Amino acid sequence: MTVLAFSLLVCASSLIAGLVGALTGLGGGVVLVPLLTLFFKVDIRYAIGASLVSVIATSSGAAAAYVKEGFSNIRIGMFLEIATTLGALLGANLAARASTHAIAIIFGVALLFSAYFSRRPRSQAEREVPRDRLATRLRLNGSFPDVDGVRSYNVQNVPAGWSLMFVAGALSGLLGIGSGAMKVLAMDQAMKIPFKVSTTTSNFMIGVTAAASAGVYLSRGYVDPGLAMPVMLGVLAGSLLGARILVRLHTKWLRLGFSVVIVLLALEMLYNGFSGRI
Amino acid sequence: MRSEPKWTDERIENVVANLLRAGVLLSALIVLIGACLYMVRHGHSPVAYRVFRGEPADLRGVRGIIHDTMSLRGRGIIQLGLLVLIATPVTRVAFSVFGFAKEGDRMYVVFTVIVFSILVYSLLGS
């Protein structure tokens with residue numbers, strides 16, 4: 001295949017990944033690496049480098065819109081970014097030592113996790129939780145605009161949330177994904193932060209987390225401009241497009257379809273990892 | 001200082017949002033320019049990503065990337081765009097140090113400086 005044909009094909013596939021990722025709220029980053037390794041036969045290290053940079057692009061693009069809406073909590077984000085960036089440094093350094101088989105297997109497990117997570121019902125119920133001493137001292141409690149006025153919330157289980165964020169950062173650095181599913185889990189489930197605040201704050205944090213490991217990947221020569229270019233431009237265009245046409249169309253079937261695709265990719269990654277093909 | 005508007009969370013968030021948007025757009029533009037040059041010169045060469053070789057030294061660091069950009073190499077210009085992209089969240093964190101300082105929130109100035117140091121270490125230290 002020539003560079004031109006390859007770039008156009010990769011750009012088109014990345015655009016679809018970014019579009020579906022934005023429409024389903026699952027993020028396109030998680031399918032990029034399997035797409036590049038399984039279908040385009042790209043070495044997994046190049047694929048992770050390219051995926052990582054495009055994750056920064058989509059996160060920053062989307063965060064710009066969310067921050068203005070007033071949902072994301074910049075204090076929670078900044079405090080937890082200490083955990084995710086430290087984790088990302090660890091993950092990026094592990095990536096240099098781990099075999100490509102091991103990375104493929106961990107990737108398969110992470111894909112299964114995000115497919116499972118996307119099928120789980122959201123916790124929509126209003127939670128009345130007491131003020132936590134540590135969270136109050138750290139000034140993490142906040143408020144956000146709701147249908148009937150401003151709603152305030154209290155944050156719980158700070159140490160547990162912080163530890164989960166460290167793991168999320170390590171996975172992001174090791175696999176080149178945003179690991180948004182795990183970040184939301186840490187905030188929504190462990191720290192009892194409202195779902196909307198959790199998802200937007202997670203998006204806000206993904207770019208900083210990915211930047212921490214992207215520096216390591218770049219200096220190690222894992223970021224190939226010829227590959228990262230079509231991936232980054234495609235995913236960015238797809239996610240911006242997705243954010244525009246998100247007019248409450250029925251994403252239920254799209255979500256179901258996308259999670260089936262994720263499970264299939266996960267099995268393929270696990271098979272390739274165990275049989276030593278990747 | 002009455003003429004200067006107060007730094008509130010809201011105002012900081014607005015600046016942050018604009019900063020992120022500008023960074024991503026600038027980076028996409030540079031990558032696109034590099035892509036055009038790269039396609040004109042190498043569009044018909046075969047691709048080789050099957051075997052991992054790692055990037056040449058000039059595409060791994062800031063100095064090499066700037067040198068390649070000056071000599072108008074497509075791959076160097078794309079890499080410069082990616083560098084701008086990586087720098088966007090770092091700039092956002094740097095601005096947050098300023099924002100929290102203006103608000104007088106010392107604890108969060110410290111937290112933000114920690115995050116900033118980790119990012120700078122990863123970009124320059126490794």
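Leaving aside its neighbours within four places in sequence, which residues is A:Met232 in contact with? In this model, which is a predicted one, the answer takes in both chains, since the contacts of A:Met232 are A:Val53, A:Ser54 and A:Ala57 on chain A, together with B:Val31 on chain B.

Let me place that residue in its wider setting. A:Met232 and A:Val53 are the residues with the most contacts inside the largest nonpolar core, which has 128 residues, and the largest share of this core, 15 residues, is given by helix α3 of chain A, residues 44–69.

Turning to the interface, 51 residues of chain B are in contact with 49 residues of chain A. On the chain B side, the elements that give two or more residues are α1 (9–42), α3 (74–103) and α4 (106–125), and α1(B) provides the largest share, 16 residues. Sorted by class, this side of chain B has 30 nonpolar, 15 polar and 6 charged residues.

I would like to finish with helix α11 of chain A, residues 252–274. An α-helix has 3.6 residues a turn, so residues three or four places apart point the same way. Just after α11(A), finally, comes A:Gly276, with a positive phi of about 75°.

Key:
Residues are numbered from 1 along each chain as its sequence is written. Chains are lettered from A and ligands numbered from 1 in the order in which they are written. This is a predicted model: local features need pLDDT of at least 70, side-chain atom pairs count only at pLDDT 80 or more; totals for chains, interfaces and linings use all residues. Two residues are in contact if their C-beta atoms, placed from the backbone, lie within 7 Å. Helices (H or I, at least four residues) and strands (E, at least two) are DSSP runs, numbered from the N terminus. Ala, Val, Leu, Ile, Met, Phe, Trp, Tyr, Cys and Pro count as nonpolar, Asp, Glu, Lys and Arg as charged, and the others, Gly among them, as polar. A nonpolar core is a set of buried Ala, Val, Leu, Ile, Met, Phe, Trp, Tyr and Cys residues joined through C-beta atoms within 7 Å. A residue is buried if 20 or more other C-beta atoms lie within 10 Å of its own, exposed if 12 or fewer, and partly exposed in between; C-beta atoms are placed from the backbone.
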